[in-house]
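Here is a short report on one protein chain. Keep the sequence and the 3D view open while reading.

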Amino acid sequence: MLNLSQILKDSFNISDGVFQEVLRTRDETGGSVCDILVEKRLISETQLLETLSRQYDIPFWPELSLADIDTDFTSRVQIQFLKRHNMVPFGTYRRQEGVNNKDEQPDQKQCVIAINNPADFQPMDDLARILELEDYQVVLAEKGDILAAINFCYDQSRDSAQQLVQDMEENASSIISEIEETADLLDDTSDAPIVKLVNYIISQSIKARASDIHIEPYQNTFNVRYRVDGILYDLVAPPKHIQSALISRVKVMAKMNIAEKRLPQDGRIEVKKGSQDIDIRVSTIPTAFGERVVLRLLNKSSSLLSLADLGLDSGKLKILKELIKAPNGIILITGPTGSGKTTTLYAVLSSINTTDINIITIEDPIEYQLNGIGQIQVNSKIDLTFARGLRSILRQDPDVILIGEIRDMETGGIAVQSALTGHLVFSTVHTNDSAGAITRLVDLGIEPFLIASSVIAVIAQRLVRVLCKNCKQPYTPDEIAMESLGITKADISNGSVFYRAKGCENCFKTGYVGRISIFEIMVLDEKLKTMILRTHDSNQIKDAAIKQNMITLREDGKTKVINGVTSIAEVLRVTQM
């Protein structure tokens, strides 16, 4: 058999100098030549596996179909073993073309084991012995596909919520296991029903892309719900008698005081589910029927959005890019909790984050770690408030400052003074629309002339759910629905098709997958600043801004309805004033 390294070198025209560097890296790190070639992007993993396929005479499967995969092996094989050796058994399958042994009948069945490294044969033999396989077929597959298959199998084999609840009803005296949480939820093999139920709740919420989990005790019932794309759905209703144990398990994971049930508490959990890193913020409050718990899920594995991904049309995107180039001033983003304000601010900071700009933030909480940016976490326990942290930030010579939220006069006053002394300040306030932010600042006690001098723009935003591409249903909306959104005959004269939600397996029967923002950008020109000096009535300010060609939230939503992105009902839901 020819030397594999030489084959790779010759097949992909790798120069002697580059190959010698690869060999030096191998000697220093102890890795394999194949892995180093892929890491350095000298060849792709697909190219490597195609070469290995020819070299070892093992079929290469570019895709692993999970449609009919058999998960029975999960009860006999540890997930860590398969992940460590990058292999997964595909149960019993009919032989496929290119995999069949020509001497056998075409209707025979055989186990398929997908591997990534054909030279690592010992673990493969161990797996065959554990599964008692006398005959099996080996195929090559990419690491990512194998890992996805492993996670899928172990996730599918988990007990259902009803099974877990039944287990606990049969053994009501089961106590919670006060052990540290394992690194990966899928790796946790604890038999304690409470532990299994909590892991199931978190795992299913992550799988459904939930942002929050609500654990809600009532007089005679106990409910668990999760929020997906801004809407709460029922997940499971455990029996009332396990309420205390389930909540205690969550508090143990969050390192809270499980004996304290009379006061609100905050905690944090860091878990993994497969390749996903999840940061969970836990909040408890005492109610009449027990502690109520809310878990905020933040998937740290997901990448930050860019400005172009936020949902801005070309006109608004151009306006925003011009605004964030300003040398000083305040840019406010408004909207209710969960409207995407923080995501927008992070996208803005990422777009202006260069080595020649000093950016410092003060947040509560810090949701994403941004490289090259100084981030401060508010901590009320040590009196590190927005105002106190902001005063310290100004001594750090910043160019750009992000304030998580302007909540009081002191924070607002320092933000205004910062803008007037040459800093670009980003912050948020909770108001219904952009004009309402001006009224809110005045209500906090900030003088109108200071607002007019410092604030350069206010951006209001909402999140609307995006229609599922697999099942969205074309229809003709009635006149009342179109009038409520301001859709005219001129808007639909170009043949636009309107869609509504239907629901399928891909979208968990909701009809929507993901969310996108709608925006209202109010730029404070001289006319609006003059009006602010005369009045801080939000209705008058909004009317004046509309006359200056400001596009409102509902108008931006109407555009996305006409473009088939979302539905009329969804835009009306989030823009009700």
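Arg-209 sits in the loop between α9 and β4. The model is predicted. Arg-209 is not a glycine, yet its phi is positive, at about 65°. Its relative accessibility of 36% makes Arg-209 partly exposed.

Lys-255 is another residue to check by its backbone. Its phi is near 60°, a positive value in a residue other than glycine. Lys-255 lies in the loop between α10 and β7. With 62% relative accessibility, Lys-255 counts as exposed, because the cut-off for exposed is over 50%.

**The sheet beside these loops**

Strand β4 belongs to an open sheet of six strands. Their order is β6-β5-β4-β9-β8-β7, and the pairing is antiparallel. At the edges are β6 (231-236) and β7 (265-273), each pairing on one side only. From one strand to the next, the twist averages 25°.

Strand β4 covers residues 212-217 and strand β5 covers residues 222-228. The two run antiparallel and are joined by six bridges. Within this pair, Asp-212 is opposite Arg-227 of β5.

Two helices touch the sheet. Helix α9, residues 193-207, lies across β4, β5, β6, β7, β8 (276-287) and β9 (290-299). Helix α9 runs at about 140° to β6. Helix α10, residues 243-253, also packs on the sheet. It touches β4, β5, β7, β8 and β9. The direction of α10 makes about 45° with that of β9.

**How the two helices meet**

Two packed helices are described by the angle between their axes and the distance between the axes. At what angle do the axes of α9 and α10 cross? They cross at roughly 70° and come within 10 Å. Helix α9 is therefore roughly perpendicular to α10, since angles of 65 to 115 degrees fall in that class.

From α9, the contact uses Ile-194, Val-195, Leu-197, Val-198, Ile-201 and Ile-202. From α10, it uses Ala-245, Leu-246, Arg-249, Val-250 and Met-253. What kinds of residue make up the contact of α9 with α10? Ten are nonpolar, none is polar and one is charged.

**An enclosed strand**

Strand β11 spans residues 359-363. Five of its five residues are buried, so β11 is largely enclosed by the rest of the structure. Both of its faces are covered. Ile-359, Thr-361 and Glu-363 are buried on one side. Ile-360 and Ile-362 are buried on the other.

Strand β11 pairs with β13 and with β12. With β13, residues 400-403, the pairing is parallel and spans four bridges. Here Ile-360 is opposite Ile-401 of β13. With β12, residues 374-377, β11 also runs parallel, joined by four bridges. There Thr-361 is opposite Gln-375 of β12.

Pro-365 lies in the loop between β11 and β12. Which form does the peptide bond from Asp-364 to Pro-365 take? The bond is cis, with omega near 0°.

**Buried residues and cysteines**

| Residue | Relative accessibility | Class |
|---|---|---|
| Cys-34 | 15% | buried |
| Cys-111 | 7% | buried |
| Leu-467 | 2% | buried |

As for cysteine pairing, a search of the whole structure finds zero disulfides.

Leu-467 is in strand β15, residues 455-467. Its C-alpha atom is 6.0 Å from that of Gly-511, which is 44 residues away along the chain. Beyond its neighbours within four places in sequence, Leu-467 contacts several residues, among them Lys-472, Tyr-499, Arg-500 and Ala-501. Its contacts also include Gly-511, Tyr-512 and Val-513. Gly-564, Val-565, Thr-566 and Ser-567 are in contact with Leu-467 as well.

**The chain as a whole**

The protein chain has 22 helices and 18 strands. Of its 577 residues, 49% count as buried. Among contacts with a separation of 6 or more, 66% join residues 24 or more positions apart.

Methods:
Residues numbered from 1 in each chain as written. Predicted model: local features only at pLDDT ≥ 70, side-chain atom pairs only at ≥ 80, totals over all residues. Heavy atoms only, no water. Pairing = 2+ DSSP bridges. Axes fitted to C-alpha atoms, helices over the stretch in contact; angles between N-to-C directions. Contact = heavy atoms within 4.5 Å. Buried < 20%, exposed > 50% of the residue type's maximum accessible area, 1.4 Å probe, protein only. Parallel < 35°, antiparallel > 145°, perpendicular 65-115°, else oblique. Nonpolar A, V, L, I, M, F, W, Y, C, P; charged D, E, K, R; others polar. Disulfide = S-S within 2.5 Å.
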